[in-house]
Amino acid sequence: MNFSDENVAAARASHAASPAEMYWKIALPTSPMPGAIRDLINPVRSVGSSSQEDTVGSVFFLEKDLFPGSKMTLHFTRATAGAALLPRGRADSIPFRSSKLPEILSQLSVPADSPSADAMRSTLAECEAAPLAGEAKRCATSLESMVEFAASSLGTRDVHAVSTEVDRAGPTPRQAYRVEAVKPVPVSGGDMVACHGMAYAYAVFGCHTTTAAAYTATLAGADGTRAEALAACHADAAPGVAEAYERLGVAPGSVPVCHFLPQDDMLWVRN
């Protein structure tokens, strides 16, 4: 990306800005930084472990059921809790492929027989899997890589990202939430890029193109927690979504099915 002298000067003028914050101000000067990135720059306490089946992203519902007054039981979690957001130079110096896993584990001081190593092995395998038909994908190991993939996929540098925002820095329990308001996310051109936080020794995002509809929902939890939750609604029967249709008892692709995104996922759209 080419940046104006004004943007560079503004970033340098920021006091105590991290390299990631400086890059953001230069690359995306008019776009607010989403919570998913802010939380990596200023890490929150670990949200604790949870099974894949216990995360907010695994709870599917019909689009017609997302309305003010509806209630859902949700558990907001982060796959990247405690992970460091590496500068691009550092990230690019570390191998990122399954065949190099022993070297990666040694370089990052991760025990080979640990749950962390197993999670990293799964992430690498997922990143190396072929994209779906008509989909572009990339596992971004740095903020710069993610921004460039989003801009390239959307055909413009004039982009911004949105993510789920929860008003508590620490862990939140699995609990009932009431939907107070729902607003569609404007998606210029109809396509966007989804980036999902992945379990790894440092921050890695699995990014792919998608045409899902998106909404932000204001949620009120039973314990007083409040969230601006980002929901994606899929109208196809892609892998992972096909099982949701079966659980909801509707024919695949007949109606949109939705899920909320965890706090370390984000959607990139054109401004």
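Reply: Let us begin with strand β7 (residues 192-198), which is joined to β12 by three bridges and runs antiparallel to β12. The model is a predicted one, in which local features need pLDDT of at least 70 and side-chain atom pairs count only at pLDDT 80 or more, while totals for chains, interfaces and linings use all residues. Residues are numbered from 1 along each chain as its sequence is written, and side-chain values use heavy atoms, with hydrogens and water left out.

Me: Which strand pairs with β12 over five bridges?

Reply: That is β4 (residues 159-163), again in the antiparallel sense. Ala161 stands opposite Trp268 in β12.

Me: In what order do the five strands form the open sheet?

Reply: The order is β3-β8-β7-β12-β4, with antiparallel pairing. β3 (137-140) and β4 are the edge strands, each pairing on one side only. Neighbouring strands are turned by 25 degrees against each other on average, direction ignored; axes are lines fitted to C-alpha atoms, for helices over the stretch in contact, and angles run from 0 to 180 degrees between N-to-C directions. Helix α7 packs on this sheet, touching β3, β4, β7, β8 (204-210) and β12, and its direction makes about 45 degrees with that of β12. Contact here means heavy atoms within 4.5 Å.

Me: Why is Thr218 called buried?

Reply: Buried means under 20% relative accessible area, exposed over 50%, and partly exposed in between (1.4 Å probe, protein chains only). Thr218 has a relative accessible area of 14% and is therefore buried. Thr218 is placed in strand β9 (residues 213-221). Apart from neighbours within four places in sequence, Thr218 is in contact with residues including Arg178, Glu180, Arg226 and Glu228.

Me: Why does Ser109 count as exposed?

Reply: Ser109 has 65% relative accessibility and so counts as exposed. Ser109 lies in the loop between α5 (101-107) and α6 (115-128). Although not a glycine, Ser109 has a positive phi of about 60 degrees. Most residues other than glycine have a negative phi.

Me: How many residues of β12 are buried?

Reply: Five of the five residues in β12 (residues 266-270) are buried. Both faces are covered, with Met266, Trp268 and Arg270 on one side and Leu267 and Val269 on the other.

Me: On what grounds are the twelve strands and eight helices counted?

Reply: Helices (H or I, at least four residues) and strands (E, at least two) are DSSP runs, numbered from the N terminus. On that basis the protein chain has eight helices and twelve strands. Of its 271 residues, 46% are buried.

Me: How is the lining of the second largest pocket divided by class?

Reply: The lining has eight nonpolar, one polar and one charged residues. Ala, Val, Leu, Ile, Met, Phe, Trp, Tyr, Cys and Pro count as nonpolar, Asp, Glu, Lys and Arg as charged, and the others, Gly among them, as polar. The lining includes Ser18, Tyr23, Ile41 and Glu144. A pocket is an open set of points on a 1 Å grid over the protein atoms alone, where a 1.4 Å probe fits, with protein on both sides within 12 Å along at least five of seven lines; lining residues have an atom within 4 Å of a point.

How values were computed: Pairing = 2+ DSSP bridges.
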